[in-house]
Amino acid sequence: MSVNELYIIAPEIIVAALALLILSVDLMKLPNGNKVLCGISSLGLLITGMVSLVLLPDDTHIYDGTFVADEYALFFKVVFLVMGAIVVVMSYKTVETTLERPGEYYALIVFSVLGMMVMAAARDILVAYVALELLSFSLYILVSYSKNEPVITEASTKYILLGAFSSAILLYGMSMLYGVTQTTAYLGIAARLDEGISLSDPVLLISLVLLLAGFGFKLAAVPFHMWVPDIYQAAPPPITGHLAVASKAAAFALVLRLFAEAFGGVFTYEWAVVVGALAAVTMTLGNLVAIMQQDVKRMLAYSSVGQVGYLLMPIAALGMDGAGDLLTSGLMFHLIGYGLTNFVVFACVSSLAEHDKHSIDDYTGLGRTTPFIGMALTAGLFSLAGLPFFAGFASKFYLFAVVAEVAGGIFIWLVALAILNSLISLYYYLVVIRQMYMVIPERADKVDIGKWNTVVVMILLIAVVGVGLYPAPIVSWAQFAAGSIAF
Amino acid sequence: MMGILSANILIPFLAVFVLVALPSGRPNLVRAIAIGTGGLSFVLSAIAFFSYDYNEGGYQLRESYEWLPNIGIGVTLGIDGISAVLILLNGFIFLAGIVMSWAVTPRNKDFFILLFLLAAGVYGTFAVLDLFFLFFFYELAVVPMFLLIGVWGSSSDFGNFSRTKEYGAMKLVLYLTAGSMLIWLAIIAIFVEAGLGTFNMELLASTELSRTFQIVFFPFVAIGFGVLAGLWPFHTWSPDGHVAAPTAVSMLHAGVLMKLGAYGILKVGMFILPEGATVWAPVLIGLGTVNVLYGAIAAISQTDLKYVIAYSSVSHMGYVIMGLATLDPIGINGSVLQMISHGIMTALFFALVGGIYEQAHLRDIRVLEGLAKRMGVTAAFFGVAGLTSLGLPGLSGFVAEFMVFVGTFRTYPFLGALAIIGAAITAVYILRLMGKVFFGPLNDQWTHLADPPKYQQATAGILAVALLGIGIWPFPLIRLIDVGVSDLLQAMGGM
């Protein structure tokens with residue numbers, strides 16, 4: 001490696017520098033520190049996104065191929081940087097009302113984005129693990145920035161313990177994998193597996209199961225989802241959005257590359273059945289339990305568990321036939337469609353939480369008292385349920401179609417279950433909408449969410465409608481990017 | 001260069017964005033925009049109707065835009081004889097509905113936003129030749145109903161139980177989306193089974209799908225769309241939903257939206273899964289007959305005027321389903337004509353009932369008596385709609401139902417006989433209702449009633465004239481429908 005090759009990790013270097021810059025600016029104790037830091041962080045992330053687009057050539061790697069800068073990594077890098085910027089902007093109001101020193105908060109978000117970027121680019125299980133831990137540690141701290149004192153203490157303790165536990169499981173699985181293959185590089189593992197190690201090798205099997213369980217925690221798949229509702233309820237809403245969207249997308253980016261590149265050869269029908277069953281249980285349980293929730297954020301937590309079930313379908317189908325890039329693009333597109341939608345919903349939930357509105361009952365009459373948020377939240381919930389003309393409709397349809405298309409249609413029944421789950425989810429979203437529009441509140445005090453929140457929600461809403469009406473650029477980019485993974 | 005069909009879909013859509021951007025508190029401006037949009041889109045639908053060349057047949061006014069080329073989704077537009085007629089119907093009822101909602105309060109802006117989304121969805125469903133977009137527009141037409149009913153609708157209290165508008169809205173949307181989940185699955189299954197990597201309906205229709213596949217998936221399509229068409233036993237959302245809905249929404253929903261269901265069975269079920277349709281036709285026609293009889297018998301025992309009309313809708317949609325399932329050219333012609341006839345007739349019914357309810361604040365037919373003495377115009381138009389409903393010659397219902405009967409007698413004579421009994425029961429409840437509610441002795445408590453405002457009378461009048469016009473001279477519609485039907489039967493294998 002020469003110094004000249006450092007440009008390959010330039011975006012990562014810039015983001016790391018950005019985090020340090022934020023911390024140093026914070027030390028200056030500026031009178032309008034929040035505004036300045038929010039500006040620096042969001043603009044910094046966006047500019048890095050543009051730099052990555054301009055700078056990165058195709059398919060180069062550094063550090064002996066453990067870190068790769070291909071189209072796939074680039075796609076996710078840009079997505080994470082934009083998502084990070086959205087979270088920063090969404091946080092502005094929350095930070096202003098709850099934190100005296102905003103520096104660490106923004107710096108941690110930037111660090112978490114750095115972790116995500118490396119997760120998508122890693123081609124070595126150790127690099128991937130370190131990046132995952134950078135993300136996890138940032139999130140451990142971020143979730144506990146909450147006013148919600150007794151609840152958050154319990155929730156974040158739970159989150160840290162379970163997180164550490166799952167990291168340990170993951171590490172154990174990785175070490176066993178190393179034991180079998182004597183390498184940590186994805187492509188090296190694939191090469192060794194090609195040489196005749198099959199799933200009948202018990203150590204490999206155990207390591208795969210451990211990896212699946214470890215990632216199951218990070219992705220919040222059933223039965224590893226128990227931390228989700230508590231954290232969603234207690235964490236500051238923008239951070240919940242960050243958890244629900246960006247960190248989940250990062251985990252999927254890692255899992256997809258790892259499983260496609262390292263294990264592509266050993267994928268068999270059994271794998272599809274195991275992961276398919278995991279997907280089925282995850283979506284069904286998440287959506288059924290969501291019906292019973294009274295707190296909007298807990299409901300969204302379970303609904304996000306259900307969404308993970310949909311997103312696991314392409315992982316299950318991976319390796320069944322040659323349509324890997326189509327499947328991957330389905331996953332990538334739904335991560336964006338679902339992610340943008342979730343941002344709209346959490347931006348609304350966040351601005352309502354500032355007025356101490358948390359439960360579905362608190363949302364009574366919002367259609368009258370704050371018509372704009374009522375409309376935006378309705379649009380967001382419809383998009384989550386997968387109704388036109390929002391992003392959620394296009395991305396869900398696309399995802400289901402590409403999954404069903406795999407391998408002569410044995411996945412059609414999994415898709416059928418996913419479609420049934422969409423109907424269940426529509427029901428509990430409609431309950432919220434009914435509460436907002438059809439129940440007359442006892443007191444109809446206007447809720448003023450302020451200009452900032454209005455503008456943020458509006459921009460996100462336009463994005464959701466835009467992607468819903470014309471998704472072709474994102475889909476074709478996703479498919480092109482997916483092509484750079486070696487299946 | 002934008003074509004007529006895309007303009008037809010985009011104009012209500014654009015009106016939505018204009019209204020969203022409009023500051024609230026300008027009800028008159030909103031009304032002006034609404035009327036303008038309705039008028040313009042009626043004109044466009046008429047242009048589409050008249051520019052369809054029935055000598056040539058096939059799909060016309062084609063437009064095609066790429067959308068997601070990698071899995072073969074495109075905005076492909078084009079109409080055949082059947083959709084040309086249905087688009088005209090939508091333009092007509094949509095405009096009438098807007099006029100009837102002139103005085104909607106509160107928040108008429110939000111009301112029209114949702115109404116326009118619904119209209120765009122209906123236009124799109126009729127005009128599109130791509131399964132993905134068919135589903136897209138279909139859902140777009142269904143979902144706004146939830147808020148339209150729940151916010152602007154009305155609840156019914158029957159003393160010992162009540163049907164709230166929230167209940168009606170929730171029931172309607174859950175039933176219809178449950179149906180659309182079946183459609184969604186069927187669409188994806190068709191896409192996978194055909195293996196062409198496209199959602200284009202013409203290409204899919206020209207592929208031979210395996211017989212087993214067609215037999216398995218036709219019920220998904222038939223039930224999925226059938227829910228919206230009011231197919232028994234999946235019809236129970238329809239009375240509750242239609243009664244709870246505000247006038248214009250009932251008009252559009254019973255008048256046009258239910259036809260989307262029948263149209264879907266025809267366009268997806270019969271075009272793409274012809275063998276499945278042939279196998280299942282006896283079941284479908286049986287259910288249609290149950291629809292006719294069950295709807296009519298249920299209508300007899302209702303005490304709420306709007307419930308009578310809603311159940312009569314269920315009954316009349318039975319003729320539509322029967323006609324389709326005959327797979328006989330005359331039967332299908334009658335079925336499509338019945339869609340038009342029933343669409344206009346129900347819209348007229350709901351418009352008039354809305355006018356009565358606005359003043360009387362109740363719809364109980366045990367209490368309403370002798371309204372003709374105070375509401376002469378309403379009574380006259382109600383008479384026209386009622387006589388259409390029971391199939392009096394000279395009105396559109398006669399022509400349509402007659403053709404359905406002919407088609408049924410040629411295929412399933414026994415069911416044809418049962419369906420005629422249904423028409424007789426219709427006569428019982430319609431005539432009894434008219435005799436009591438309009439022409440009975442005037443009750444003192446109704447002396448303050450008067451005919452609705454002139455603009456509402458004029459709307460009702462135009463609808464009534466249309467019923468009469470089609471009844472006397474249905475040929476301009478039939479010749480278009482017939483072209484579509486022969487295209488369909490040819491596609492199904494020259495039966």
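## A hairpin in chain B

Strand S1 (residues 60-68) of chain B runs antiparallel to S2(B), and six bridges join the two. Strands here are DSSP runs of at least two residues (E), helices of at least four (H or I), numbered from the N terminus, and strands pair if DSSP finds at least two bridges between them. Four residues sit between the strands of the hairpin, where B:Gly72 takes a positive phi near 70 degrees.

S2 (residues 73-79) of chain B has six of its seven residues buried, so it is largely enclosed by the rest of the structure. Buried means 20 or more other C-beta atoms within 10 Å of the residue's own, with C-beta atoms placed from the backbone.

## About the model

This is a predicted model: local features need pLDDT of at least 70 and side-chain atom pairs 80 or more, while totals for chains, interfaces and linings use all residues. Residues count from 1 along each chain as its sequence is written, with chains lettered from A and ligands numbered from 1 in the order written.

## Where the chains meet

The contact takes 30 residues from chain A and 27 residues from chain B; in contact means C-beta atoms, placed from the backbone, within 7 Å. On the side of chain A that touches chain B, helices H16 (391-405), H17 (412-437) and H19 (472-482) of chain A each supply at least two residues. H17(A) gives the largest share of that side, 12 residues.

How values were computed:
Buried ≥ 20, exposed ≤ 12 C-beta atoms within 10 Å, placed from the backbone. Contact = placed C-beta atoms within 7 Å.
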